[in-house]
Each structure stands twice: as structure tokens, then as C-alpha cells.
Amino acid sequence: MTLWTPDPTFYPSPRDAATAPPETLAYVAAFDRSAERPDALAVLDTDPGSSSYGQVVGWTDLPYTGDELHHFGWNACSSALCPYAPHPHVERRYLIVPGLRSSRIYVYDTKDRVSPELVKVIEAEDLGKRAGYSRPHTVHCGPEGLYVSALGGYGEEGPGGIAILDHTSFEVLGRWEVDRGPQYLAYDFWWHINHDVLVTSEWGTPSMIEDGVVGELLLGRKYGHRLHFWDLRRRRHVQEVDLGDQYQMPLELRPAHDPTKKYGFVGVVTSVEDLSASVWLWYEEGGRWAVRKVIDIPAEPASPDDLPDVLKPFGAVPPLVTDIDLSVDDQRLYVSCWGTGELKQFDVSDPFKPVEIGSVHLGGIVRRAAHPAAPSERLAGGPQMVEVSRDGRRVYVTNSLYGSWDDQFYPDGVGAWMAKVDADGFTLDERFFPHGDDFRGLRPHQTRLQGGDASSDSYCYP
């Protein structure tokens, strides 16, 4: 009798994931801002014992132009081991890659090859007609299939929401929401999978974000400032929590990996009152959901002469927290300050009282901090997308946020670079600094690690 065994990169618990073998490859989405060349998936060697460590060892161009790749994900992950998820024998094999501007979704095979191979294209019309959405943004593998958040409606601004794709055929099944309640703006989503709770955050509709930050909308407090809580199993909106309309753009959601816990962190890009950024904790209290600001990061004073036009009236550099990531053991939170060019490390063993324990600088609107591997090179951009290895020992960052926003805050060019931080001493790895021509003129955005990482899996056992 043939015995089927689960994919060895699926782990029942976060404890098991943290003791897994280290990654040897990193997949990075890179895009062409001009939309004249295809975007690409770059593959980096992350094995310190390899002769090509820190180098681009694989590359796959997309078949079209103008996609602007964003937050891609695996077709399957550790959630396949949940007792109510009948998918234990799928493989973590395919990368599901959305184009934020084109509304296409690509499926790439990574098995037995270094450079991923295209196996399917989901056209914008398929996503629109079957789910009612456009502008796919974030992909997570879940118990019912593949969840894909989208910022826009089909043929209209909104509402944005979540589409479901089949695990194996990758066909668009339809819209996830049965009752969306007051939710209209969309961005990220995650869940407390054992408790049937889904959480979503807000950014803006396509017209609000595609040409950069719109000052009138920001000062008018029109971007997102709420979290939404849903019944995951029934697909119904349960509660809306408003952070306060001065706190604009709560973006990345990072729930506790421990499936017995019901809390998580969300990063807020900026406050319109003082340009500070913040990180908030959501938690359950008395049967209702609540939020609390637990990290506050102030803006840094600067001469208007050193600032891009969008910031000259303010005389300060906002931190612009655009990504956060939580280690698999729930002990360390990493916060990227893309505006000031800083990556912060916090001890969050008590999630209500984070303590900053580390910081590195790279780039920044004014600082332009160099990497120790190229000390004379002033870097643009800053730590943006953050990915943490399963064992929590390595942190990878890339420097591009979103094409139009890159151009707005770094008008002289954002460049292209990726770096690795050793988490224990919180120091930059001088051997790992692919940059410039390594990315062939494209801008690197999100990273996924071979076998999974801190932001791709959810677990059903403590």
C-alpha cells in the first residue's frame, strides 16, 4: 500500500517550524517602474556555505509588462495540517504572484528548479467576473483554499475584499465575504485560525494610492484607519474597531503564531497630527475586540532643503512604518521605518509592553545610510518589506515600497537593494548585499523564503 506523507515543510506547531532546517533560497518579487520591461522573480542564494551566497542565482521574467508585483505567497502551507482542512497531501510548490496594477495573478512552479516556471495566468477579467474584485494585493494559504485580498472592485472603485482560489486548479471560486457589513476599504488580512476569527486592515481604493499619497486625502483623513473582525467560518463581519482617523493607513497585520493566543500587531504608516508612526496591538477583552497603541515612533526634524516636495512644508522626516514582522516564537517584532531608513527590533514577550532592543540604519530620505559592504555608497529607499526566517535568526529586508510612492519620497531614485540582518546581535551581514545591477534595473519588493517563513504560515497546534 502506498503511504502518503505531508510535505516536510508543513509544521503542526510554531515550535516545530522554529526547529526546521534553514532556508537556502529566497524568492524576491522585482518590478519595472516604467512598465516597459516585464517584472520578474529573482532567486537569491541564502546558504552561507555556498560559493554564490548573497547572489542572484535564478531569474524568471513575467510574460507581460505593467504588472507591478506585490505580496505573493505559497499555494499551501502548514495550515494544511489543521484538522478541518482536507489538504494534507498538497505540496508547498507553487508561488501565487499578484500584479497590483494589472490585476493578473500568476502561478509559478518552484519544484526541482531554481528559476520558477510559469504554469498558469489568471486574467483580470477572470478575477473580476468571478469574484467582483481588481487590484490583487496579498496572498495567504488557508483552510478553504487560497485567499487573495484585493483593493478595488471590478469596474468600480470598491469595495475591496477577499477572493478565494482553488488549492489545486487555481481557479477563482468567488468572493469570500457573505456579509461585509460596513467594510469598504481593504488591504491586508490574517486570522486566528483556531478561533474562527479573520482580521482585515485598510489602505485605500486604487485611485487613492496608484499615483502616490494624495495630500488632500491624507490631511482630510480619508485613508483607512480601521480594523475589521470577521467570523472566519461563516464569512461574516462581526466588529469594526476605529483607531482614530488621525492614524492613517493601518497596513500589515501580524497575529500571534501560537494558535491558543488571540492578539496581534498592526503597523500604522503615519499620524496626520505629528507625522509619527505607530504599532498597535489588537486583543480580545470581555468578548469584544479592542486595540491599544503599544509603540510610538516620532518623526525626525530635517531641513526643508533636504526633503522631497511632499514633505517640505513639514520640516520633518516621517518614519513611515510600511511593514512589520513577528518571529515564529512570538518573541521579536521587527518594524521597518522606510522614511527614516531604520529597522527596529522589539522584545514583545509581553505584547502590551514592547521594548526596543536593536536598530540598524540603511538608506533613509535624509540619512542615506550606507551598507557596511559598500560604505561609500549612499543608499536610497529604506528597509521596507521584512521577512524573518522560521528559526528567527535571520531577517531579510528589501528597499522598494510601491512605484509611485518610491518616486514621491525618493524623487532622485530609490535604487535597488536587499540586505540581511543577523537577529541575535542585530548586525548587518556584510556578505549579503545584492544591489544595483544585481536586480537588472528592477526594484525588489517582497521576499518569500524556501520552505516557509514567519509571515506565510499559520498553525493549528500549540
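Phe-72 touches Tyr-27, Val-28, Ala-29, Leu-95, Ile-96, Val-97, Pro-98, Val-139, Gln-446, Thr-447 and Arg-448, leaving aside residues up to four places away in sequence; contact here means heavy atoms within 4.5 Å. The model is a predicted one, in which local features need pLDDT of at least 70, side-chain atom pairs count only at pLDDT 80 or more, and totals for chains, interfaces and linings use all residues. Residues are numbered from 1 along each chain as its sequence is written, and side-chain values use heavy atoms, with hydrogens and water left out.

Phe-72 is placed in the loop between β3 (56-65) and β4. Helices (H or I, at least four residues) and strands (E, at least two) are DSSP runs, numbered from the N terminus. With a relative accessibility of 0%, Phe-72 counts as buried. The term buried stands for under 20% relative accessible area, exposed for over 50%, and partly exposed for values in between (1.4 Å probe, protein chains only). One of the contacts of Phe-72 is Ala-29; the C-alpha atoms of Phe-72 and Ala-29 are separated by 7.9 Å, and the two residues are 43 residues apart along the chain.

**Disulfides**

A search of the whole structure finds two disulfides, a disulfide being a pair of cysteine sulfur atoms within 2.5 Å. The table lists them.

| Disulfide | S to S distance | Torsion about the S-S bond |
|---|---|---|
| Cys-77 and Cys-141 | 2.2 Å | 130 degrees |
| Cys-82 and Cys-460 | 1.9 Å | about 85 degrees |

The link of Cys-77 and Cys-141 is right-handed. Cys-77 lies in the loop between β4 (73-74) and β5 (94-98), while Cys-141 belongs to strand β8 (residues 133-141), so this pair ties together parts that are 64 residues apart in sequence. Both Cys-77 and Cys-141 are buried.

The disulfide of Cys-82 and Cys-460 is right-handed as well. Here the linked parts of the chain are distant: Cys-82 is in the loop between β4 and β5, and Cys-460 is in the segment after β30 (443-449), 378 residues apart. Cys-82 is buried, with a relative accessible area of 3%, and Cys-460 is buried at 7%. When the bonded cysteines of the protein chain are numbered in sequence order, the pairing reads 1-3, 2-4. Cys-337 is also buried, at 0% relative accessibility.

**Helix α2**

In helix α2 (residues 124-131), the buried residues are Leu-127, Gly-128 and Ala-131. Viewed down the axis of α2, these residues fall within an arc of 105 degrees, so they line one face of the helix; the arc is that of the directions from the helix axis to the C-beta atoms. The buried residues of α2 pack against β6 (105-109), β8, β10 (161-165) and β11 (172-175).

**A four-stranded sheet**

Four strands form an open sheet in the order β26-β27-β28-β29, with antiparallel pairing. The strands β26 (386-388) and β29 (427-428) stand at the edges, each with a single partner strand, so one side of each is left without a neighbour in the sheet. Two strands pair if DSSP finds at least two bridges between them. Strand β28 (residues 418-422) and β29 run antiparallel and are joined by two bridges. Val-421 stands opposite Leu-428 in β29.
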